[in-house]
Amino acid sequence: MNTYTSKERNMYLLGLMGQNIIYNVISTGMTFYFQSVIFIPQMAIGFIMGIARIWDAINDPMMGTIVDRTRSKHGKCRPYLFYVPAIVMITTFLTFVNAQYSLDNTPGKNTLIIVWAGISYIMWGMTYTAGDIPIWGITSLMTESSKDREKLLGLARIIAGIGGGIALLGVMPLSQAVGLKLEASMETKDATQWGFIIVCGAMTLLGSLLFQCACFAKERVKQPSDAHKGFIDNVKIMWSCMPFRRLLISGIIKAPMQILSIVAMTLLSYYYGDNGGNGQSYVLQMVLLGGGLFIGQFGAMGITPKLCEKMEKQKLYNLCNIVGAIPFAILFIVYLIDGTGLYKMHWMIVLAVIFGVAGAAMGASMVIQSIMIADCVDYDEHRTGYRPDGVFFSGQSFITKLGAGLSSFIQSIVFAIVGFSDANIELCNKALAESPATDYLFATAPEFEPYRFGMFFLVSVPAAVSCVLSCIPMKNYEITNAEHKRIMEELNAKRNAG
């Protein structure tokens, strides 16, 4: 059967790692950069990120349409992987090139800071989409074997998680360390910003170089039709495929899960690190919490393709979402029990276990979602004779970005309600900088209780509720394992006969 080589697989996975380093530099770092480094007001951040991500989500089916209409000697996804990484690198750099919002600035300068933040972020999102859809869409074209594809998607989710982990665990401590070195030659606020720019720039360069490796993947699945569908046609195709529609609705309902990645850096930096004041133990705490999350996530991702062979994917998907709700609910209960002492080692061990279970459920769910989307591509080719790889995998990107947009709105509203915004954050940072290095002022001081409550509420309650509700649309999912096996046998017979 026509399938990828080990070299192609490995180069593809390196590319995916690089792409996810870049994505997480932005998705986990940009919110913190806007709110705590250049002090843009929370409601402005929510508006910028919410509108940008929702537009980006709408833009995904457009890009999917372009990909599906592409015909070249390299295929329909691969051509974009030659050129997009360099463009994404440039637009990522530009998002960090901005001044600091301040009441001492003129209204015009503050307006320009907010406008440029919005423009640069939207530019980044549009260029990133041009690479995101092809890099995931090509997985359904690299092999005719559904088993090989499931293995590849399982590995892809693991490697994507590793790339994300590099950014999540590296950006904050490294940027703060660089910022501290620069304080000898400039003001603290400027040093913090330059530390962020230097570290995020270096990670972006590394990510872009790795991202370029994805162009070595080759397309092997023959296109069943040269029909060129328009954007409206493809939207109709997406909505008319009932199993894919169920996945879309389920993914949108589960959107608040992404609040965790948006707020994680803020929570870790302030609650556990006093925004740079508690360096050494802060790194240990990040390793414990992040390690619990990633060990659970990667372990589950590694075994999920095998589980999909033994269990119905729909049942496994819903089981993962139900199990995933439990640790998030427990996390909020733990906060209510001892909200000022969760930095202590016995609680750190409990939280590491909680995040390990949550990570396992999240990781397995992501792998199953990707496999089911690929199954939907096969289902629709069998049903209509048209293979919508780009459009259907744009649905995966659509879910992620719409979820990030809705999550940004929710985060900004909650932070605005508790007062964690612009001038208050600057005062908070000043108080933390002047406090002893290891006193955990943010975790214990009564005046910061609203901020603490907002952060722990955001990373727990919305995720728990959305996990449970996301199971409802998947109750009657149509593509059973036996049905997909039958579809693949008929498709491969038809391809080989041609």
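Reader: Which helix gives the largest share of the lining of the second largest cavity?

Author: That's α1, with three residues. Helices here are DSSP runs (H or I, at least four residues), numbered from the N terminus. This is a predicted model, where local features need pLDDT of at least 70 and side-chain atom pairs count only at pLDDT 80 or more, while totals for chains, interfaces and linings use all residues. Residues are numbered from 1 along each chain as its sequence is written, and side-chain values use heavy atoms, with hydrogens and water left out.

Reader: What counts as a cavity, and what as a pocket?

Author: Rolling a probe the size of a water molecule over the atoms shows where empty space is left. On a 1 Å grid over the protein atoms alone, a cavity is a set of points where a 1.4 Å probe fits but cannot get out; a pocket is an open set with protein on both sides within 12 Å along at least five of seven lines, and lining residues have an atom within 4 Å of a point. Grid points are joined across faces, edges and corners, and a volume is the space filled by probe spheres set on the points. Here the count comes to two cavities of 30 Å³ or more.

Reader: Which residues lie nearest the centre of the second largest cavity?

Author: Ser27, Arg53, Tyr121, Ile262 and Ala404, out of 13 lining residues. The volume of this cavity is about 70 Å³. At least two lining residues come from each of α1, α2, α3, α10 and α14.

Reader: And how much space lies in the largest cavity?

Author: About 1100 Å³. Its lining has 50 residues, with Gln258, Ser261, Gln297, Met362 and Met366 the closest to the centre. Helix α13 gives the most, seven residues. By class, the lining divides into 27 nonpolar, 19 polar and four charged; Ala, Val, Leu, Ile, Met, Phe, Trp, Tyr, Cys and Pro count as nonpolar, Asp, Glu, Lys and Arg as charged, and the others, Gly among them, as polar.

Reader: How about an open space: what lines the second largest pocket?

Author: It has 15 lining residues, and Ser146, Lys147, Glu150, His484 and Lys485 are the closest to its centre. The largest share, six residues, is from α19. Seven of the lining residues are charged, five polar and three nonpolar. The pocket holds about 300 Å³ of space.

Reader: Back to α2: why is it said to be largely enclosed?

Author: Buried means under 20% relative accessible area, exposed over 50%, and partly exposed in between (1.4 Å probe, protein chains only). In α2 (residues 29-37), nine of the nine residues are buried, so the rest of the structure largely encloses this helix. Among them are Met30, Phe32 and Tyr33. Just after α2 comes Phe39, with a positive phi of about 60°. Phe39 sits in the loop between α2 and α3, and counts as buried because its relative accessibility is 4%.

Reader: Is Met345 buried or partly exposed?

Author: Partly exposed, because its relative accessibility is 45%. Four of the patch residues, the largest share, come from α13.
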